[in-house]
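Hello,

Here is the structure I promised to pass on to you. Have a look at it first, and then read on for my notes on what turned up.

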Amino acid sequence: MTVHQDLRRPDASTDAVPDLDETTRRPGTTAEWWRSAVIYQIYPRSFSDSSGDGIGDLPGITARLGALDALGVDAIWLSPFMTSPQKDAGYDVTDYCDVDPIFGTLSDFDALLARAHSLGIRVIVDLVPNHSSDQHEWFQQALTAAPGSPERARYIFREGKGPEGQEPPNNWQSIFGGPAWTRITEADGTPGQWYLHLFDSSQPDFDWSQEEVKQEFRRILRFWLDRGVDGFRVDVAHGLVKDQDFPDYTPDADAASMGGEATPAPYFEQSAVHEVYRDWRLVLEEYAGDRALCGEAWVSSVEKAALWVRPDEMHQTFNFQYLEASWDAQQLRGVINDSLRAFTAVGAPSTWVLSNHDVVRHATRLALTGENPQGTGIGPDYPGLPDRETGLARARAATALMLALPGSAYIYQGEELGLDEVHDLPDEARQDPTWFRTAGERYGRDGCRVPLPWAADADDFGFTAGGTPWLPQPERWRGLARDVQQADPDSTLSLYRRMLSLRSEHDLGLGELNWLGGRSEQVLMFSNQDVVVLANTGTSSVPLPTGHEVLLASSALEGDEVPGDCTVWLRRHAG
Ligand code: GLC
(Lines give C-alpha, C1' and ligand atoms only; values in the text may rest on other atoms or scores of the structure.)
Protein backbone atom coordinates (compact mmCIF):
# COMPACT_ATOMS: atom_id res chain seq x y z
CA MET A 1 0.00 0.00 0.00
CA THR A 2 1.38 3.40 -0.93
CA VAL A 3 1.47 6.37 1.37
CA HIS A 4 -1.29 8.26 -0.38
CA GLN A 5 -3.65 5.34 0.04
CA ASP A 6 -3.01 5.43 3.77
CA LEU A 7 -4.26 8.99 3.77
CA ARG A 8 -7.43 8.13 1.89
CA ARG A 9 -10.62 9.66 3.27
CA PRO A 10 -13.41 7.46 2.09
CA ASP A 11 -16.26 9.77 3.00
CA ALA A 12 -14.68 13.08 2.17
CA SER A 13 -16.66 13.67 -0.98
CA THR A 14 -20.02 13.15 0.65
CA ASP A 15 -19.58 15.51 3.60
CA ALA A 16 -21.15 18.71 2.43
CA VAL A 17 -22.87 18.19 -0.89
CA PRO A 18 -24.01 15.28 -2.98
CA ASP A 19 -21.37 13.93 -5.32
CA LEU A 20 -22.26 13.48 -8.97
CA ASP A 21 -23.04 9.83 -9.42
CA GLU A 22 -24.50 7.90 -12.33
CA THR A 23 -27.99 9.15 -11.60
CA THR A 24 -27.17 12.85 -11.75
CA ARG A 25 -24.48 12.78 -14.41
CA ARG A 26 -25.56 14.21 -17.75
CA PRO A 27 -26.44 11.49 -20.21
CA GLY A 28 -23.55 10.39 -22.39
CA THR A 29 -20.77 11.52 -20.06
CA THR A 30 -18.34 8.92 -18.85
CA ALA A 31 -16.79 8.49 -15.45
CA GLU A 32 -13.76 10.42 -16.69
CA TRP A 33 -15.98 13.40 -17.37
CA TRP A 34 -13.04 15.74 -18.04
CA ARG A 35 -12.17 13.85 -21.25
CA SER A 36 -15.11 15.29 -23.12
CA ALA A 37 -16.71 17.96 -20.91
CA VAL A 38 -17.78 21.40 -22.04
CA ILE A 39 -16.61 23.65 -19.23
CA TYR A 40 -18.06 27.15 -18.86
CA GLN A 41 -15.80 29.76 -17.29
CA ILE A 42 -17.53 32.07 -14.85
CA TYR A 43 -15.73 35.29 -14.02
CA PRO A 44 -17.63 35.88 -10.76
CA ARG A 45 -17.32 39.66 -10.59
CA SER A 46 -18.98 40.03 -13.99
CA PHE A 47 -21.57 37.26 -14.04
CA SER A 48 -24.48 38.40 -11.86
CA ASP A 49 -24.69 40.71 -8.84
CA SER A 50 -27.28 39.81 -6.21
CA SER A 51 -26.09 42.16 -3.46
CA GLY A 52 -26.35 45.41 -5.41
CA ASP A 53 -22.73 46.56 -5.01
CA GLY A 54 -22.07 46.41 -8.74
CA ILE A 55 -19.80 43.37 -8.46
CA GLY A 56 -21.06 39.87 -9.25
CA ASP A 57 -21.21 37.35 -6.41
CA LEU A 58 -21.79 33.67 -5.56
CA PRO A 59 -25.53 33.94 -4.77
CA GLY A 60 -25.88 35.76 -8.11
CA ILE A 61 -24.30 32.76 -9.82
CA THR A 62 -26.46 30.24 -7.93
CA ALA A 63 -29.60 32.11 -8.92
CA ARG A 64 -28.64 31.97 -12.57
CA LEU A 65 -27.40 28.39 -12.82
CA GLY A 66 -30.64 27.47 -14.58
CA ALA A 67 -29.44 29.48 -17.59
CA LEU A 68 -26.28 27.36 -17.77
CA ASP A 69 -28.27 24.19 -17.36
CA ALA A 70 -30.43 25.31 -20.28
CA LEU A 71 -27.28 26.06 -22.27
CA GLY A 72 -26.18 22.48 -21.67
CA VAL A 73 -22.70 22.80 -20.13
CA ASP A 74 -21.16 19.90 -18.18
CA ALA A 75 -19.12 21.92 -15.71
CA ILE A 76 -18.31 25.43 -14.58
CA TRP A 77 -14.91 26.85 -13.67
CA LEU A 78 -15.08 29.73 -11.21
CA SER A 79 -12.31 32.31 -11.44
CA PRO A 80 -11.06 33.20 -7.92
CA PHE A 81 -13.61 34.23 -5.30
CA MET A 82 -11.32 33.70 -2.29
CA THR A 83 -10.45 36.47 0.16
CA SER A 84 -8.45 39.09 -1.68
CA PRO A 85 -7.81 42.83 -1.86
CA GLN A 86 -8.70 42.48 -5.57
CA LYS A 87 -5.58 44.18 -6.90
CA ASP A 88 -5.63 41.64 -9.74
CA ALA A 89 -9.34 40.82 -9.62
CA GLY A 90 -8.91 38.01 -7.10
CA TYR A 91 -5.72 36.48 -8.52
CA ASP A 92 -4.10 37.94 -5.39
CA VAL A 93 -5.27 35.81 -2.50
CA THR A 94 -5.00 36.49 1.24
CA ASP A 95 -6.98 33.49 2.48
CA TYR A 96 -7.17 30.48 0.18
CA CYS A 97 -9.80 28.78 2.33
CA ASP A 98 -12.43 31.47 2.60
CA VAL A 99 -14.73 33.52 0.38
CA ASP A 100 -14.15 37.23 -0.08
CA PRO A 101 -17.06 39.22 1.41
CA ILE A 102 -17.71 40.90 -1.95
CA PHE A 103 -18.56 37.45 -3.33
CA GLY A 104 -20.38 36.07 -0.26
CA THR A 105 -19.57 33.41 2.31
CA LEU A 106 -18.50 29.79 2.47
CA SER A 107 -22.16 28.84 2.97
CA ASP A 108 -22.95 30.67 -0.26
CA PHE A 109 -20.29 28.57 -1.93
CA ASP A 110 -21.76 25.36 -0.50
CA ALA A 111 -25.19 26.39 -1.76
CA LEU A 112 -23.77 27.09 -5.22
CA LEU A 113 -22.03 23.72 -5.30
CA ALA A 114 -25.13 21.86 -4.11
CA ARG A 115 -27.32 23.58 -6.69
CA ALA A 116 -24.82 22.92 -9.49
CA HIS A 117 -24.52 19.27 -8.53
CA SER A 118 -28.29 18.89 -8.32
CA LEU A 119 -28.37 20.08 -11.96
CA GLY A 120 -25.63 17.62 -12.92
CA ILE A 121 -23.09 20.42 -13.40
CA ARG A 122 -19.60 19.92 -11.99
CA VAL A 123 -17.68 22.74 -10.36
CA ILE A 124 -13.98 23.47 -10.60
CA VAL A 125 -12.33 26.30 -8.71
CA ASP A 126 -9.32 28.42 -9.51
CA LEU A 127 -6.18 27.87 -7.48
CA VAL A 128 -3.40 30.48 -7.49
CA PRO A 129 -0.21 28.77 -6.27
CA ASN A 130 2.48 30.91 -7.92
CA HIS A 131 1.94 33.92 -5.68
CA SER A 132 -0.23 35.24 -2.88
CA SER A 133 -1.41 38.75 -2.13
CA ASP A 134 1.04 40.98 -0.29
CA GLN A 135 -1.70 41.17 2.36
CA HIS A 136 -1.42 37.42 3.01
CA GLU A 137 -0.49 36.68 6.62
CA TRP A 138 2.69 34.93 5.52
CA PHE A 139 3.91 37.87 3.49
CA GLN A 140 3.13 40.30 6.29
CA GLN A 141 5.15 38.07 8.64
CA ALA A 142 7.97 37.96 6.10
CA LEU A 143 8.12 41.75 6.00
CA THR A 144 8.64 42.08 9.75
CA ALA A 145 10.95 39.05 10.06
CA ALA A 146 14.71 39.28 9.50
CA PRO A 147 16.53 38.44 6.25
CA GLY A 148 17.31 34.73 6.21
CA SER A 149 14.39 33.88 8.53
CA PRO A 150 11.97 30.98 7.88
CA GLU A 151 9.22 33.59 7.32
CA ARG A 152 11.16 35.13 4.44
CA ALA A 153 11.99 31.70 3.03
CA ARG A 154 8.36 31.14 1.99
CA TYR A 155 8.79 33.86 -0.64
CA ILE A 156 11.69 34.83 -2.89
CA PHE A 157 13.69 37.51 -1.11
CA ARG A 158 17.18 38.37 -2.36
CA GLU A 159 19.82 41.01 -1.70
CA GLY A 160 20.01 43.74 -4.33
CA LYS A 161 23.02 44.38 -6.54
CA GLY A 162 25.39 47.33 -6.30
CA PRO A 163 27.31 48.60 -3.28
CA GLU A 164 24.15 49.55 -1.37
CA GLY A 165 22.00 46.76 -2.80
CA GLN A 166 20.10 49.47 -4.62
CA GLU A 167 19.75 47.54 -7.90
CA PRO A 168 17.29 44.65 -8.29
CA PRO A 169 18.84 41.16 -8.06
CA ASN A 170 18.39 40.62 -11.81
CA ASN A 171 16.71 42.22 -14.84
CA TRP A 172 13.46 40.22 -14.85
CA GLN A 173 10.38 42.17 -15.90
CA SER A 174 6.87 41.74 -14.52
CA ILE A 175 4.35 40.24 -16.93
CA PHE A 176 2.21 43.30 -16.20
CA GLY A 177 5.09 45.68 -17.01
CA GLY A 178 7.89 47.24 -14.94
CA PRO A 179 10.48 45.39 -12.84
CA ALA A 180 9.65 42.01 -11.31
CA TRP A 181 11.39 42.95 -8.04
CA THR A 182 10.36 45.40 -5.34
CA ARG A 183 12.61 46.55 -2.52
CA ILE A 184 11.26 46.53 1.01
CA THR A 185 12.12 48.63 4.01
CA GLU A 186 13.40 46.49 6.88
CA ALA A 187 11.79 46.63 10.34
CA ASP A 188 14.54 49.03 11.50
CA GLY A 189 13.72 51.52 8.73
CA THR A 190 16.72 50.78 6.50
CA PRO A 191 16.38 49.95 2.78
CA GLY A 192 16.24 46.19 2.65
CA GLN A 193 15.97 43.08 0.50
CA TRP A 194 14.04 42.73 -2.74
CA TYR A 195 11.19 40.29 -3.36
CA LEU A 196 10.18 38.71 -6.64
CA HIS A 197 6.73 39.21 -8.20
CA LEU A 198 6.24 37.93 -11.73
CA PHE A 199 2.98 39.93 -11.77
CA ASP A 200 1.98 43.01 -9.76
CA SER A 201 4.08 44.14 -6.79
CA SER A 202 1.05 43.16 -4.68
CA GLN A 203 1.54 39.52 -5.80
CA PRO A 204 4.77 38.14 -4.25
CA ASP A 205 5.90 34.77 -5.64
CA PHE A 206 6.10 31.81 -3.30
CA ASP A 207 9.33 29.81 -3.06
CA TRP A 208 8.25 26.34 -4.16
CA SER A 209 11.50 24.73 -3.03
CA GLN A 210 10.17 25.11 0.54
CA GLU A 211 8.44 22.11 2.10
CA GLU A 212 6.14 24.39 4.09
CA VAL A 213 4.72 25.90 0.88
CA LYS A 214 4.10 22.43 -0.53
CA GLN A 215 2.35 21.34 2.63
CA GLU A 216 0.19 24.43 2.73
CA PHE A 217 -1.08 23.84 -0.80
CA ARG A 218 -1.86 20.20 -0.04
CA ARG A 219 -3.97 21.51 2.82
CA ILE A 220 -5.73 24.00 0.53
CA LEU A 221 -6.46 21.32 -2.07
CA ARG A 222 -7.97 19.07 0.60
CA PHE A 223 -10.04 21.93 2.01
CA TRP A 224 -11.87 22.38 -1.31
CA LEU A 225 -11.92 18.67 -2.15
CA ASP A 226 -13.55 17.99 1.23
CA ARG A 227 -16.20 20.58 0.36
CA GLY A 228 -16.96 18.60 -2.78
CA VAL A 229 -15.37 20.49 -5.68
CA ASP A 230 -14.74 18.47 -8.83
CA GLY A 231 -11.33 19.93 -9.53
CA PHE A 232 -9.05 22.92 -9.96
CA ARG A 233 -7.88 25.21 -12.70
CA VAL A 234 -4.26 25.89 -11.81
CA ASP A 235 -3.12 29.47 -12.37
CA VAL A 236 0.31 30.08 -13.98
CA ALA A 237 0.99 26.35 -13.70
CA HIS A 238 4.28 26.68 -15.60
CA GLY A 239 5.71 29.36 -13.30
CA LEU A 240 6.02 27.98 -9.78
CA VAL A 241 9.65 26.88 -9.97
CA LYS A 242 12.40 29.34 -10.92
CA ASP A 243 15.91 28.73 -12.18
CA GLN A 244 17.80 28.82 -8.89
CA ASP A 245 20.66 30.80 -10.46
CA PHE A 246 18.26 33.66 -11.25
CA PRO A 247 20.07 34.55 -14.48
CA ASP A 248 19.31 37.78 -16.31
CA TYR A 249 16.74 37.28 -19.05
CA THR A 250 15.41 39.51 -21.81
CA PRO A 251 12.27 38.30 -23.59
CA ASP A 252 12.13 38.28 -27.41
CA ALA A 253 9.34 40.83 -27.52
CA ASP A 254 9.40 44.20 -25.77
CA ALA A 255 6.77 43.19 -23.27
CA ALA A 256 7.26 40.29 -20.89
CA SER A 257 4.79 37.58 -21.81
CA MET A 258 2.95 34.78 -20.06
CA GLY A 259 5.31 32.33 -21.75
CA GLY A 260 5.37 30.59 -25.08
CA GLU A 261 8.89 31.61 -26.13
CA ALA A 262 10.77 28.84 -27.93
CA THR A 263 13.46 29.09 -25.25
CA PRO A 264 11.53 29.44 -22.01
CA ALA A 265 12.21 32.22 -19.55
CA PRO A 266 14.13 31.09 -16.43
CA TYR A 267 10.90 31.48 -14.44
CA PHE A 268 8.75 29.29 -16.69
CA GLU A 269 8.72 25.58 -17.61
CA GLN A 270 11.46 24.51 -15.19
CA SER A 271 11.38 20.72 -15.11
CA ALA A 272 11.01 20.53 -11.31
CA VAL A 273 7.58 22.16 -11.58
CA HIS A 274 6.16 18.82 -12.70
CA GLU A 275 6.93 17.30 -9.29
CA VAL A 276 4.38 19.65 -7.77
CA TYR A 277 1.58 18.26 -9.96
CA ARG A 278 2.62 14.64 -9.48
CA ASP A 279 2.22 15.30 -5.78
CA TRP A 280 -1.17 16.99 -6.27
CA ARG A 281 -2.40 14.15 -8.43
CA LEU A 282 -1.84 11.84 -5.47
CA VAL A 283 -3.85 14.18 -3.27
CA LEU A 284 -6.75 14.14 -5.76
CA GLU A 285 -6.59 10.37 -5.94
CA GLU A 286 -7.28 10.18 -2.21
CA TYR A 287 -10.82 11.21 -3.12
CA ALA A 288 -13.67 9.40 -4.77
CA GLY A 289 -15.64 11.16 -7.47
CA ASP A 290 -13.27 11.75 -10.37
CA ARG A 291 -11.65 15.08 -9.43
CA ALA A 292 -9.53 16.81 -12.07
CA LEU A 293 -6.70 19.31 -12.49
CA CYS A 294 -6.43 21.66 -15.45
CA GLY A 295 -3.24 23.66 -15.94
CA GLU A 296 -2.85 27.17 -17.25
CA ALA A 297 0.57 26.83 -18.87
CA TRP A 298 1.49 29.13 -21.77
CA VAL A 299 4.13 27.16 -23.69
CA SER A 300 5.42 27.24 -27.26
CA SER A 301 4.01 23.99 -28.64
CA VAL A 302 1.35 21.39 -27.98
CA GLU A 303 4.13 18.84 -27.49
CA LYS A 304 5.30 20.93 -24.53
CA ALA A 305 1.74 21.40 -23.29
CA ALA A 306 1.35 17.61 -23.26
CA LEU A 307 4.10 17.40 -20.61
CA TRP A 308 1.55 18.72 -18.11
CA VAL A 309 -0.88 15.88 -18.73
CA ARG A 310 1.32 12.83 -18.57
CA PRO A 311 -0.53 10.00 -16.79
CA ASP A 312 0.70 10.92 -13.31
CA GLU A 313 0.22 14.70 -13.64
CA MET A 314 -2.75 16.88 -14.50
CA HIS A 315 -5.85 15.68 -16.34
CA GLN A 316 -6.11 18.61 -18.72
CA THR A 317 -4.15 21.63 -19.81
CA PHE A 318 -5.31 24.63 -21.80
CA ASN A 319 -4.52 24.42 -25.49
CA PHE A 320 -3.37 27.99 -26.07
CA GLN A 321 -1.92 27.06 -29.47
CA TYR A 322 -5.50 26.55 -30.58
CA LEU A 323 -6.60 29.86 -29.06
CA GLU A 324 -3.74 31.65 -30.79
CA ALA A 325 -4.37 30.17 -34.26
CA SER A 326 -5.80 32.55 -36.85
CA TRP A 327 -9.11 31.91 -38.58
CA ASP A 328 -7.32 30.10 -41.35
CA ALA A 329 -8.08 26.55 -42.50
CA GLN A 330 -4.47 25.47 -42.97
CA GLN A 331 -3.30 26.86 -39.63
CA LEU A 332 -6.24 25.31 -37.83
CA ARG A 333 -5.74 21.96 -39.48
CA GLY A 334 -2.10 21.99 -38.39
CA VAL A 335 -2.83 22.81 -34.77
CA ILE A 336 -5.71 20.32 -34.57
CA ASN A 337 -3.47 17.55 -35.94
CA ASP A 338 -0.57 18.46 -33.67
CA SER A 339 -2.88 18.62 -30.65
CA LEU A 340 -4.58 15.31 -31.22
CA ARG A 341 -1.22 13.65 -31.84
CA ALA A 342 0.55 15.15 -28.84
CA PHE A 343 -2.22 14.66 -26.29
CA THR A 344 -3.16 11.19 -27.50
CA ALA A 345 0.48 10.15 -27.14
CA VAL A 346 0.25 10.74 -23.39
CA GLY A 347 -3.27 9.33 -23.04
CA ALA A 348 -4.87 12.73 -22.33
CA PRO A 349 -7.73 14.53 -24.07
CA SER A 350 -6.97 17.67 -25.99
CA THR A 351 -8.73 20.77 -24.74
CA TRP A 352 -9.98 23.54 -27.00
CA VAL A 353 -10.49 27.17 -26.05
CA LEU A 354 -11.07 30.44 -27.90
CA SER A 355 -11.66 33.01 -25.16
CA ASN A 356 -11.01 33.64 -21.49
CA HIS A 357 -10.65 36.55 -19.07
CA ASP A 358 -7.08 37.32 -20.24
CA VAL A 359 -7.51 37.63 -24.01
CA VAL A 360 -9.44 39.79 -26.46
CA ARG A 361 -12.86 38.16 -26.97
CA HIS A 362 -12.82 36.01 -30.08
CA ALA A 363 -15.83 37.78 -31.60
CA THR A 364 -13.41 40.70 -31.99
CA ARG A 365 -10.02 38.99 -32.11
CA LEU A 366 -10.71 36.77 -35.10
CA ALA A 367 -11.27 39.80 -37.31
CA LEU A 368 -8.37 41.97 -36.08
CA THR A 369 -5.97 42.92 -38.81
CA GLY A 370 -3.04 44.17 -36.75
CA GLU A 371 -0.77 42.70 -34.08
CA ASN A 372 -2.28 41.91 -30.71
CA PRO A 373 0.17 40.31 -28.26
CA GLN A 374 -1.55 38.32 -25.49
CA GLY A 375 -2.52 40.44 -22.49
CA THR A 376 -1.96 43.75 -24.29
CA GLY A 377 -5.63 44.38 -25.05
CA ILE A 378 -7.01 46.86 -27.51
CA GLY A 379 -8.22 50.41 -27.00
CA PRO A 380 -10.17 53.02 -28.94
CA ASP A 381 -7.08 53.83 -31.00
CA TYR A 382 -6.45 50.27 -32.19
CA PRO A 383 -5.63 50.41 -35.92
CA GLY A 384 -7.93 48.30 -38.05
CA LEU A 385 -10.80 47.58 -35.66
CA PRO A 386 -12.90 44.89 -37.30
CA ASP A 387 -16.47 45.34 -38.30
CA ARG A 388 -18.61 43.54 -35.74
CA GLU A 389 -20.53 41.55 -38.28
CA THR A 390 -17.39 39.84 -39.60
CA GLY A 391 -16.12 39.27 -36.08
CA LEU A 392 -19.36 37.66 -34.96
CA ALA A 393 -19.69 35.48 -38.07
CA ARG A 394 -16.15 34.22 -37.57
CA ALA A 395 -16.68 33.66 -33.85
CA ARG A 396 -19.81 31.61 -34.48
CA ALA A 397 -18.07 29.59 -37.19
CA ALA A 398 -14.93 29.10 -35.07
CA THR A 399 -16.95 27.93 -32.08
CA ALA A 400 -18.96 25.56 -34.27
CA LEU A 401 -15.66 24.08 -35.42
CA MET A 402 -14.30 23.88 -31.86
CA LEU A 403 -17.37 22.22 -30.40
CA ALA A 404 -17.29 19.51 -33.07
CA LEU A 405 -13.77 18.39 -32.07
CA PRO A 406 -13.13 15.38 -29.84
CA GLY A 407 -11.86 16.31 -26.39
CA SER A 408 -12.94 18.88 -23.82
CA ALA A 409 -13.91 22.46 -24.68
CA TYR A 410 -13.91 25.66 -22.65
CA ILE A 411 -16.45 28.46 -23.12
CA TYR A 412 -15.93 31.88 -21.56
CA GLN A 413 -18.99 33.61 -20.15
CA GLY A 414 -20.66 35.89 -22.65
CA GLU A 415 -19.31 34.23 -25.78
CA GLU A 416 -22.61 32.35 -26.00
CA LEU A 417 -24.16 35.80 -26.47
CA GLY A 418 -21.63 36.74 -29.13
CA LEU A 419 -20.24 39.54 -26.94
CA ASP A 420 -17.42 41.53 -28.49
CA GLU A 421 -14.41 43.10 -26.78
CA VAL A 422 -15.26 46.45 -25.16
CA HIS A 423 -12.31 48.30 -26.67
CA ASP A 424 -13.88 51.69 -26.00
CA LEU A 425 -13.93 51.67 -22.18
CA PRO A 426 -13.21 55.12 -20.77
CA ASP A 427 -9.66 55.33 -19.38
CA GLU A 428 -10.94 56.21 -15.91
CA ALA A 429 -12.92 52.97 -15.75
CA ARG A 430 -9.95 50.69 -16.40
CA GLN A 431 -8.79 48.50 -13.52
CA ASP A 432 -6.31 45.97 -14.91
CA PRO A 433 -2.88 46.34 -13.24
CA THR A 434 -1.35 46.10 -16.73
CA TRP A 435 -2.88 49.49 -17.56
CA PHE A 436 -1.34 51.11 -14.49
CA ARG A 437 2.05 49.39 -14.59
CA THR A 438 2.60 50.42 -18.20
CA ALA A 439 1.22 53.95 -17.69
CA GLY A 440 -1.53 53.28 -20.21
CA GLU A 441 0.75 51.89 -22.90
CA ARG A 442 -0.97 48.48 -22.73
CA TYR A 443 -4.73 48.46 -22.24
CA GLY A 444 -4.81 45.09 -20.55
CA ARG A 445 -7.79 42.83 -20.13
CA ASP A 446 -10.72 44.91 -18.86
CA GLY A 447 -12.37 44.87 -22.29
CA CYS A 448 -13.20 41.15 -22.02
CA ARG A 449 -14.37 41.40 -18.40
CA VAL A 450 -17.36 43.71 -18.71
CA PRO A 451 -20.46 42.49 -16.79
CA LEU A 452 -22.94 40.35 -18.71
CA PRO A 453 -26.22 41.64 -20.18
CA TRP A 454 -29.15 39.51 -18.95
CA ALA A 455 -32.21 41.57 -19.80
CA ALA A 456 -32.44 44.20 -22.54
CA ASP A 457 -34.96 46.43 -20.80
CA ALA A 458 -33.70 46.25 -17.22
CA ASP A 459 -31.35 48.79 -15.66
CA ASP A 460 -27.74 47.74 -16.31
CA PHE A 461 -29.20 44.96 -18.43
CA GLY A 462 -30.22 43.09 -15.30
CA PHE A 463 -26.63 42.46 -14.17
CA THR A 464 -26.89 44.14 -10.78
CA ALA A 465 -29.60 44.44 -8.17
CA GLY A 466 -29.34 48.23 -8.02
CA GLY A 467 -25.61 48.92 -8.10
CA THR A 468 -23.35 50.47 -10.71
CA PRO A 469 -21.56 47.77 -12.71
CA TRP A 470 -17.85 47.77 -11.83
CA LEU A 471 -17.10 48.27 -15.54
CA PRO A 472 -19.59 50.11 -17.77
CA GLN A 473 -21.57 48.03 -20.26
CA PRO A 474 -21.80 49.37 -23.83
CA GLU A 475 -25.22 50.39 -25.10
CA ARG A 476 -24.68 48.17 -28.16
CA TRP A 477 -25.07 45.10 -25.90
CA ARG A 478 -28.80 45.79 -25.41
CA GLY A 479 -29.61 43.74 -28.51
CA LEU A 480 -27.33 40.95 -27.26
CA ALA A 481 -29.01 40.55 -23.86
CA ARG A 482 -29.79 36.95 -22.97
CA ASP A 483 -33.55 37.44 -22.80
CA VAL A 484 -33.66 38.82 -26.35
CA GLN A 485 -31.56 35.95 -27.67
CA GLN A 486 -33.55 33.30 -25.87
CA ALA A 487 -36.58 34.11 -27.99
CA ASP A 488 -34.69 34.23 -31.28
CA PRO A 489 -33.96 30.89 -33.00
CA ASP A 490 -31.16 32.48 -35.06
CA SER A 491 -29.39 34.08 -32.11
CA THR A 492 -25.89 33.14 -31.04
CA LEU A 493 -27.35 31.78 -27.79
CA SER A 494 -29.71 29.48 -29.71
CA LEU A 495 -26.78 28.33 -31.85
CA TYR A 496 -24.73 27.48 -28.74
CA ARG A 497 -27.63 25.56 -27.21
CA ARG A 498 -28.09 23.58 -30.37
CA MET A 499 -24.37 22.87 -30.68
CA LEU A 500 -24.11 21.63 -27.11
CA SER A 501 -27.17 19.49 -27.41
CA LEU A 502 -26.02 17.90 -30.70
CA ARG A 503 -22.49 17.49 -29.37
CA SER A 504 -23.85 15.50 -26.47
CA GLU A 505 -26.40 13.58 -28.57
CA HIS A 506 -23.70 12.48 -31.05
CA ASP A 507 -21.06 12.05 -28.34
CA LEU A 508 -18.61 14.20 -30.27
CA GLY A 509 -16.38 14.79 -27.24
CA LEU A 510 -15.43 11.12 -27.19
CA GLY A 511 -15.33 10.65 -30.95
CA GLU A 512 -12.51 10.49 -33.46
CA LEU A 513 -11.63 13.02 -36.11
CA ASN A 514 -11.15 11.81 -39.69
CA TRP A 515 -10.24 14.39 -42.30
CA LEU A 516 -12.23 14.43 -45.51
CA GLY A 517 -10.25 16.01 -48.31
CA GLY A 518 -10.81 17.23 -51.81
CA ARG A 519 -12.04 20.72 -51.01
CA SER A 520 -10.35 24.05 -51.37
CA GLU A 521 -7.52 25.44 -49.24
CA GLN A 522 -9.97 27.60 -47.31
CA VAL A 523 -12.09 24.66 -46.18
CA LEU A 524 -11.74 22.15 -43.35
CA MET A 525 -13.86 19.04 -43.59
CA PHE A 526 -13.91 16.03 -41.31
CA SER A 527 -16.15 13.45 -39.75
CA ASN A 528 -16.56 12.80 -36.05
CA GLN A 529 -18.92 9.97 -35.09
CA ASP A 530 -21.80 10.23 -37.58
CA VAL A 531 -21.42 13.99 -38.04
CA VAL A 532 -19.63 15.62 -40.97
CA VAL A 533 -18.27 19.09 -40.33
CA LEU A 534 -17.35 21.66 -42.94
CA ALA A 535 -15.75 24.95 -41.91
CA ASN A 536 -15.30 27.61 -44.58
CA THR A 537 -12.68 30.06 -43.33
CA GLY A 538 -12.53 31.95 -46.62
CA THR A 539 -14.62 34.83 -47.85
CA SER A 540 -16.20 33.15 -50.90
CA SER A 541 -18.89 30.49 -50.67
CA VAL A 542 -18.32 26.78 -51.33
CA PRO A 543 -20.83 24.11 -52.37
CA LEU A 544 -22.61 22.17 -49.68
CA PRO A 545 -21.78 18.45 -49.97
CA THR A 546 -24.67 16.58 -51.53
CA GLY A 547 -26.49 13.69 -49.87
CA HIS A 548 -26.41 15.23 -46.40
CA GLU A 549 -28.91 16.61 -43.97
CA VAL A 550 -27.91 19.94 -42.39
CA LEU A 551 -27.88 19.63 -38.59
CA LEU A 552 -26.80 23.20 -38.01
CA ALA A 553 -25.14 26.12 -39.73
CA SER A 554 -23.31 28.92 -37.92
CA SER A 555 -24.87 31.45 -40.32
CA ALA A 556 -27.58 31.35 -42.97
CA LEU A 557 -26.75 29.13 -45.96
CA GLU A 558 -27.03 30.60 -49.43
CA GLY A 559 -29.13 27.92 -51.08
CA ASP A 560 -26.75 25.01 -51.69
CA GLU A 561 -23.72 27.09 -50.81
CA VAL A 562 -21.85 27.53 -47.53
CA PRO A 563 -20.93 31.22 -47.30
CA GLY A 564 -17.54 32.45 -46.14
CA ASP A 565 -16.93 32.45 -42.36
CA CYS A 566 -19.43 29.67 -41.80
CA THR A 567 -19.32 26.17 -40.31
CA VAL A 568 -21.95 23.51 -40.93
CA TRP A 569 -22.64 20.20 -39.21
CA LEU A 570 -24.15 17.57 -41.50
CA ARG A 571 -25.31 14.01 -41.36
CA ARG A 572 -25.23 11.60 -44.29
CA HIS A 573 -28.66 10.63 -45.57
CA ALA A 574 -29.33 7.03 -44.72
CA GLY A 575 -28.89 4.64 -47.70
C1 GLC B 1 -3.22 34.07 -14.83
C2 GLC B 1 -4.63 34.60 -14.75
C3 GLC B 1 -4.57 36.08 -14.88
C4 GLC B 1 -3.79 36.63 -13.71
C5 GLC B 1 -2.39 36.01 -13.66
C6 GLC B 1 -1.74 36.26 -12.33
O7 GLC B 1 -2.67 34.26 -16.06
O8 GLC B 1 -5.41 33.98 -15.73
O9 GLC B 1 -5.83 36.67 -14.92
O10 GLC B 1 -3.66 38.02 -13.81
O11 GLC B 1 -2.45 34.61 -13.81
O12 GLC B 1 -2.34 35.50 -11.34
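**Aromatic pairs and the ligand site**

Searching the whole structure, which is a predicted model, turns up 32 aromatic pairs. One of them to look up is F217 with W280, a stacked pair whose ring centres are 6.5 Å apart and whose planes are at 15° to each other. This pair connects distant parts of the chain. F217 belongs to helix α7 (residues 211-227), while W280 belongs to helix α8 (residues 273-285), and 63 residues separate the two.

Now to the ligand. Where does the ligand sit? You will find the ligand in the largest cavity. There are 14 residues around the ligand, and those that come nearest are D88, D235, E296, H357 and D358. By kind, the shell around the ligand is made up of seven charged, five nonpolar and two polar residues.

Some of the contacts can be checked atom by atom. In the side chain of D235, an N or O atom lies 2.8 Å from an oxygen atom of the ligand. The side chain of H357 also has an N or O atom 2.8 Å from a ligand oxygen. For H131, the distance between a side-chain N or O atom and an oxygen atom of the ligand is 2.9 Å.

How much of the ligand does the protein bury? On its own the ligand exposes 310 Å², and the protein buries 99% of that.

Happy exploring, and best wishes

Technical notes: Residues numbered from 1 in each chain as written. Predicted model: local features only at pLDDT ≥ 70, side-chain atom pairs only at ≥ 80, totals over all residues. Heavy atoms only, no water. Near = heavy atom within 4 Å. Polar contact = N/O pair within 3.5 Å; in protein donor to acceptor, adjacent residues only side chain to side chain. Areas by Shrake-Rupley, 256 points an atom, 1.4 Å probe, with all protein chains shown as cover. 1 Å grid on protein atoms, 1.4 Å probe; cavity = no way out; pocket = protein on both sides within 12 Å on 5 of 7 lines; lining within 4 Å. Sits in = over half its atoms within 2 Å of the grid points. Nonpolar A, V, L, I, M, F, W, Y, C, P; charged D, E, K, R; others polar. Phe/Tyr/Trp six-rings, centres within 6.5 Å; stacked < 30°, edge-to-face > 60°. Helix = DSSP H or I, 4+ residues; strand = E, 2+ residues; numbered from the N terminus.
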